[in-house]
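Please read the numbered points alongside the sequence and the coordinates.

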Amino acid sequence: ESAPVVAPVDPSAGEYRAVPIAGIGTEAQLAIKFARQATLKIRGVVTFNGQVGNDWLSFVQDQSGAARIQWKVGSLSNALQVGDLIEMTGSPALPDSGAEFLAHGVTRVGTGEMPSPLRPRTELPKVGASDGRWMEIEGVGRVSGAEDRLLLMSRAGPLEVYVGAASRVHLTNWVNALVRVRGVLWRQPNP
């Protein structure tokens, strides 16, 4: 017999309830189910913070999972660097895949320890299952259609890797070479 679902107690006005990053999606669903605004506090390490094309992307991860951060005020993200341990207040969003968090405020707590990377060996994780997670993958570099990307042919399958403007000059060195890449797994939705 399953336990009845009970509406979580709303924190007092102005208070945020601390949750692990993996709990953001559940909190969003409960907020919708019980018609309330979820006000949460999460803590994690910044694993990516930068512009990719026209989008500013930020990701944070703790021991339970990872989330993409949407900034209520764009300037909040500017001072953050990969490896920063941060604490954020805000509310969950329900994206098409993975967890997303709408940050209202952020505090840099110090320098954090980067998470151990996922290392898929035979196949890439299903879409949404590991999006936003720090990962490491190895494969042979191939030319991609985009100038700031490398197509990595791995045992787990092909993966297009964003290398950024600073690394564009090195792309030719990585074509037809065995390459090991560490970074955030994020797959853009197809238009």
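1. Two strands are taken to pair if DSSP finds at least two bridges between them. On that basis, four strands form an open sheet with antiparallel pairing, in the order E9-E8-E7-E10. Its edge strands, each pairing on one side only, are strand E9 (157–162) and strand E10 (178–184). Neighbouring strands of this sheet are turned by 50° against each other on average, direction ignored; the axes are lines fitted to C-alpha atoms.

2. As to provenance, this is a predicted model, in which local features need pLDDT of at least 70 and side-chain atom pairs count only at pLDDT 80 or more, while totals for chains, interfaces and linings use all residues. Residues are numbered from 1 along each chain as its sequence is written, and side-chain values use heavy atoms, with hydrogens and water left out.

3. The chain contains two helices and ten strands, these being DSSP runs numbered from the N terminus (helices H or I, at least four residues; strands E, at least two). From the N terminus on, the order of elements is β-α-β-β-β-β-β-β-β-β-α-β. Of the 191 residues, 41% count as buried, where buried means under 20% relative accessible area, exposed over 50%, and partly exposed in between (1.4 Å probe, protein chains only). The accessible surface, by the Shrake-Rupley method with a 1.4 Å probe, comes to about 11,100 Å², and 50% of this belongs to carbon and sulfur atoms.

4. Which residues have the most contacts inside the largest nonpolar core? They are Ile-42, Val-60, Ile-69, Met-88 and Phe-101, in a core of 17 residues. Such a core is a set of buried Ala, Val, Leu, Ile, Met, Phe, Trp, Tyr and Cys residues joined through side-chain atoms within 4.5 Å. Two or more residues each come from helix H1 (24–33) and strands E2 (40–52), E4 (66–71), E5 (84–93) and E6 (100–111). Apart from this core lies another, of 13 residues, including Leu-124, Leu-159, Val-163 and Val-181.

5. Ser-58 belongs to strand E3 (residues 55–61). Is Ser-58 buried or exposed? Ser-58 counts as buried because its relative accessibility is 3%. Its side chain makes a polar contact with the side chain of Trp-56 at 3.4 Å; the term denotes a pair of N or O atoms within 3.5 Å, where within protein one must be able to donate a hydrogen and the other to accept it, and residues adjacent in sequence count only if both atoms are side-chain atoms. Leaving aside neighbours within four places in sequence, the residues in contact with Ser-58 (heavy atoms within 4.5 Å) include Phe-48, Ile-69 and Trp-71.

6. Val-143 lies in strand E7 (residues 134–143), whereas Ser-144 is in the loop between E7 and E8. Val-143 is exposed, because its relative accessible area is 64%; Ser-144 is buried, because its value is 14%. Neighbours within four places in sequence aside, Val-143 is in contact with Leu-151 and Val-175. The side chain of Ser-144 has a polar contact of 2.4 Å with the side chain of Glu-160.

7. Strand E8 (residues 149–154) pairs with E9 in the antiparallel sense over six bridges. Within this part of the sheet, Gly-157 in E9 is the bridge partner of Ser-154.

Methods:
Axes are lines fitted to C-alpha atoms, for helices over the stretch in contact, and angles run from 0 to 180 degrees between N-to-C directions.
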